[in-house]
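Thanks for asking me to look this one over.

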Amino acid sequence: TYTANTPTDTGINNFDSNLYAPYGFTANVTSDPPFGSSIYHAGSVEFKHRAGRGLTFDANYTYSHTIDTATTEFHTSELNPRRAQDTNRIGEDRGNSDLDVPHKVAISLAYNTPKATVENHFMRALVNTYLVGSSFIAQSGQPVALQSGIDANGNGDSAGDRVVLN
């Protein structure tokens, strides 16, 4: 059963009765307040070198860190739960965001083909417009929260919940 533990609770999250039955809903409807906070810090370094003769090298490293209390409100990830473990104490969910990717490296190489000396304007436009390139991107993985596979927080919905250890 659900027990209100804040003076501002209006009963919307009362899971013992279906408040929305008069509107045609036959199952529990779960609503969560649109509260959350986040903070993001980042820095990046880029190295670009034009080697001449149409060759360009570019390398970029980005460090970032994202901390929040609510990330996947719309269940955009199967790796992490979409709701807070207790919407009345959302501050307890503060931690690394599901969007946190601390390290990212991107490297690219581009080569402009040499200009052809052709009299025909059409052939010159066709031959002189090529760029050959390659890129490589690597980044650290996404944080993962262990899922219980059951309604661990007892709110009556089918969304994944965190593992609960007592």
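1. Ground rules. This is a predicted model, in which local features need pLDDT of at least 70 and side-chain atom pairs count only at pLDDT 80 or more, while totals for chains, interfaces and linings use all residues. Residues are numbered from 1 along each chain as its sequence is written, and side-chain values use heavy atoms, with hydrogens and water left out.

2. The overall layout. The chain has 1 helix and 5 strands, arranged along the sequence as β-β-β-β-α-β. Here helices (H or I, at least four residues) and strands (E, at least two) are DSSP runs, numbered from the N terminus. Of the 166 residues, 16% are buried; buried means under 20% relative accessible area, exposed over 50%, and partly exposed in between, with a 1.4 Å probe and protein chains only.

3. Contacts across the chain. Among contacts with a separation of 6 or more, 60% are between residues 24 or more positions apart. Contact means heavy atoms within 4.5 Å.

4. Strand β2 and its partners. Two strands pair if DSSP finds at least two bridges between them. Strand β1 (residues 38-52) runs antiparallel to β2 and is joined to it by 14 bridges; phenylalanine 47, for example, stands opposite alanine 59 in β2. Strand β4 (residues 103-112) is also antiparallel to β2, with 9 bridges, and there leucine 55 faces tyrosine 111.

5. The hairpin turn. What does the turn of the β1-β2 hairpin hold? There are 2 residues between the strands, and arginine 53 in the turn has a positive phi of about 55°. Most residues other than glycine have a negative phi. Arginine 53 is exposed, with a relative accessible area of 83%.

6. Serine 64. This residue of β2 is the bridge partner of alanine 42. Serine 64 counts as buried because its relative accessibility is 7%. A polar atom of its side chain lies 2.9 Å from the backbone oxygen of valine 101. Not counting residues up to four places away in sequence, serine 64 touches Tyr40, His41, Ala42, Asp100, Val101 and Pro102.

7. Aspartate 68. Aspartate 68, in strand β2 (residues 55-68), does have a polar contact of 2.9 Å between its side chain and that of serine 97. A polar contact is a pair of N or O atoms within 3.5 Å; within protein, one must be able to donate a hydrogen and the other to accept it, and residues adjacent in sequence count only if both atoms are side-chain atoms.

8. Glycine 133. This residue sits in strand β5 (residues 131-139) and is exposed, at 57% relative accessibility. Beyond its neighbours within four places in sequence, glycine 133 is in contact with Leu109 and Ala110. Glycine 133 and phenylalanine 57 are 76 residues apart in sequence and 9.8 Å apart in space, C-alpha to C-alpha.
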